[in-house]
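Welcome! Take a look at the model first, and then read on.

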Amino acid sequence: MGRVEGKVAFITGAARGQGRSHALRLAEEGADIVGVDICAQIDTVPYPMSTPADLAETVALVEKTGRRMLGLEADVRDLSALQNAVDRGWDTFGRLDTVVANACTLNGNGPAWELSEHQFQDQVDVALGGAWRTAKATIPALIEQGQGGSIILISSTSGISAEINIAHYVAAKTGVTGLMRALAADLAHYMIRVNSIHPTNVRSPMIENQPTVDLFAGGRPGFTFEHPEIKAAFQSMNLMPVPWIEPIDISNAVLYLASDETRYVTATTHVVDAGALAAFKHPHVE
Ligand SMILES: NC(=O)c1ccc[n+]([C@@H]2O[C@H](COP(=O)([O-])OP(=O)(O)OC[C@H]3O[C@@H](n4cnc5c(N)ncnc54)[C@H](O)[C@@H]3O)[C@@H](O)[C@H]2O)c1
């Protein structure tokens, strides 16, 4: 028996990165997956976002585990698209147990007062509005099913502590942490648990891209993600001597919170951060 055998998980941002890894890890442990992703670019995001081919690859990888996956294009800023995805998932699998609100972007960077209104609004709409819409679209099915459930909101260390040059992201992810607590309070009566996960740097396309490298290089040209100075800058954010962790490290936390092993765990901030939140130093990038 897998740890989530027979459950159905709804995952946003499932085309690549951590969302793909969550889909695979839950499938390996017996879950079927409904995975949605925008599969398109948002113009305030300075690095390439996912494509339809990415989502198709996640579906193929899940199917290799022997489980089923419904992959659908939907933007978490579009409530009716999410509700349609939930309906199609219900028609396909006939149940819903786990919700992972994972989709997010990093809409550029800079000192708080230099971010544009457009950047700030996009960030909050995707990260915080998207998490709320994902909850709103999925909760009626969980309640109607009447067997409890687990909602997992992917926040960040930025949802607990400040980071330099990303005030919009810090604000949105801190909002996600508050949303988690409020949802947990509203849903406890239904035995629906709600928890957030707070990763440090995770090696995914969100950080493994040139604009992020340029930020960590302080605008100096010629640096790559693997450059020792860049790795050292990332590493200085963590206590443990690693610059970043891998998507599977977060997927294992998702699996734990999705499983019945955590049947009385709700309203918690689950930190997977190589000690980042306790670390003394943060890189100072101009
Ligand atoms: N990578 C990191 O260092 C890091 C650290 C802490 C937290 N996180 C969080 O982890 C989660 C996963 O990010 P990742 O690292 O896998 O990044 P990623 O960019 O590889 O994946 C994010 C996915 O979300 C999708 N997405 C973005 N906006 C969307 C929208 N409006 N509607 C639907 N889908 C959308 C993207 O297309 C992409 O496939 C995010 O919530 C992110 O904020 C990441």
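A residue is called buried if 20 or more other C-beta atoms lie within 10 Å of its own, exposed if there are 12 or fewer, and partly exposed in between. By that count, 49% of the 286 residues of the protein are buried. Please keep in mind that this is a predicted model.

**Overall build**
- The protein has eight helices and seven strands.
- Its radius of gyration is 18 Å, close to the 19 Å that the globule rule gives for 286 residues, so the protein is as compact as a globular protein of that length.
- Along the principal axes, the C-alpha trace spans about 55 × 35 × 35 Å.
- If you take the contacts between residues at least 6 apart in sequence, 74% of them join residues at least 24 apart.

**The nonpolar core**
- The largest nonpolar core holds 79 residues.
- Within this core, the members that touch the most others are Ala-9, Ala-23, Leu-26, Ile-33, Ile-152, Leu-153 and Val-254.

**A pair of packed helices**
- Two packed helices are described by the angle between their axes and the distance between the axes.
- Helix 4 (residues 117–145) packs with helix 5 (residues 167–187) at an angle of about 20 degrees, and their axes are 9 Å apart.
- Angles under 35 degrees count as roughly parallel, so helix 4 is roughly parallel to helix 5.
- The crossing of helix 4 past helix 5 is right-handed.
- On the helix 4 side, the residues making the contact include Phe-120, Val-124, Leu-128 and Trp-132.
- On the helix 5 side, they include Tyr-169, Ala-172, Val-176 and Leu-179.

**Two alanines with positive phi**
- Ala-267 is not a glycine, yet its phi is positive, at about 65 degrees.
- You will find Ala-267 in the loop between helix 8 (247–258) and strand 7 (269–272).
- Ala-267 counts as partly exposed because it has 16 C-beta neighbours inside 10 Å.
- Ala-274 also has a positive phi, near 50 degrees, in a residue other than glycine.
- Ala-274 lies in the segment after strand 7.
- Is Ala-274 buried or exposed? With 23 C-beta neighbours inside 10 Å, Ala-274 counts as buried.

Definitions and conventions: Residues numbered from 1 in each chain as written. Predicted model: local features only at pLDDT ≥ 70, side-chain atom pairs only at ≥ 80, totals over all residues. Core = buried A, V, L, I, M, F, W, Y, C linked by C-beta atoms within 7 Å. Helix = DSSP H or I, 4+ residues; strand = E, 2+ residues; numbered from the N terminus. Rg over C-alpha atoms; globule rule 2.2 N^0.38 Å. Contact = placed C-beta atoms within 7 Å. Axes fitted to C-alpha atoms, helices over the stretch in contact; angles between N-to-C directions. Parallel < 35°, antiparallel > 145°, perpendicular 65-115°, else oblique. Left-handed = near helix turned anticlockwise from the far one by under 90°.
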